[in-house]
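Here is a short report for a first look at this protein. Keep the structure open while reading.

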Amino acid sequence: FCTIMKNWFIKHREVLAYLVFGVLTTLLNIVLYALFSRLFGYEAANSWGNVLDNVICILFAYVTNRAFVFASRTQGREALKEFGAFVTCRLGTLVLDAAIMMIFGNLLAAQGAALVESFMNGALSLLAGWFGPDTVLHMAIIGGADGPTAIFVTSFYDAQALWGLAVKIFSNVVVVVLNYVFSKLIVFKRK
């Protein structure tokens, strides 16, 4: 069994290494997004902050892909050409990422937050039915002269922030897949 597993890992080393470093790059991207969102605000994180975190992640990805995934040994001009091709491909996926974040993260933020709010209300109601309302939810009833006028259900989440994070994760999945294809077929292709 160990020999079979070892052979499988050897056969798929490149893809597995790309997945590991792709996940690390994605985590770095998401952590930077959350940090920029907290420090500079939601819209800044979805615009210039997104570009800055992508530049940082492109540099991290090049170093890790070159050394650990594709084991590139190019030097001199060939290494510069390789870096140029890598950056060019990554700038293409950066534009795609920026478009996804601007459209879904900013322009459709209200609709996305409403969708998250609706989902969370359903999920919280389901959990409240299982565990009781005091376990998960905080409920407030505002009374009027003729009885309660509103019931508010609150919890500890921000629908817009959850929507932004969901869009960021979706965008990262699309970008990681495209980046692997570009790296394999264009940047680090075997001669």
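## Overall picture

Among contacts in the protein chain with a separation of 6 or more, 72% join residues 24 or more positions apart. Contact here means heavy atoms within 4.5 Å. This is a predicted model, where local features need pLDDT of at least 70, side-chain atom pairs count only at pLDDT 80 or more, and totals for chains, interfaces and linings use all residues. Residues are numbered from 1 along each chain as its sequence is written, and side-chain values use heavy atoms, with hydrogens and water left out.

The protein chain has eight helices and two strands. Both kinds of element are DSSP runs, numbered from the N terminus: helices are H or I with at least four residues, strands E with at least two. Along the sequence, their order is α-α-α-α-α-α-α-β-β-α.

Of the 191 residues in the protein chain, 32% are buried. Buried means under 20% relative accessible area, exposed over 50%, and partly exposed in between (1.4 Å probe, protein chains only). The protein chain exposes about 11,900 Å², with 73% supplied by carbon and sulfur atoms. These areas come from the Shrake-Rupley method with a 1.4 Å probe.

## Helix 5

Helix 5 covers residues 76-107. At 1.5 Å a residue, its 32 residues should span 46 Å, and its end C-alpha atoms are 44 Å apart, which agrees. The expected span is 1.5 Å times one less than the number of residues. Buried residues of helix 5 include Glu-82, Arg-90 and Asp-97. Phe-86, Leu-94, Ile-100 and Met-101 are also among them.

## Aromatic pairs

The structure holds 13 aromatic pairs. Rings of Phe, Tyr and Trp (its six-membered ring) pair if their centres lie within 6.5 Å; planes under 30 degrees apart count as stacked, over 60 as edge-to-face and the rest as tilted. Phe-21 and Phe-68 form a stacked pair, 5.2 Å centre to centre, with 15 degrees between the planes. Phe-21 lies in helix 2 (residues 13-40) and Phe-68 in helix 4 (residues 48-69), so the pair ties together parts that are 47 residues apart in sequence.

One aromatic cluster is formed by Tyr-18, Tyr-62, Phe-70, Phe-83, Phe-86, Tyr-180 and Phe-188.

## Cysteines and exposure

A search of the whole structure finds zero disulfides. A disulfide is a pair of cysteine sulfur atoms within 2.5 Å.

| Residue | Relative accessible area | Class |
|---|---|---|
| Cys-2 | 65% | exposed |
| Cys-89 | 13% | buried |
| Phe-21 | 17% | buried |
| Phe-68 | 48% | partly exposed |
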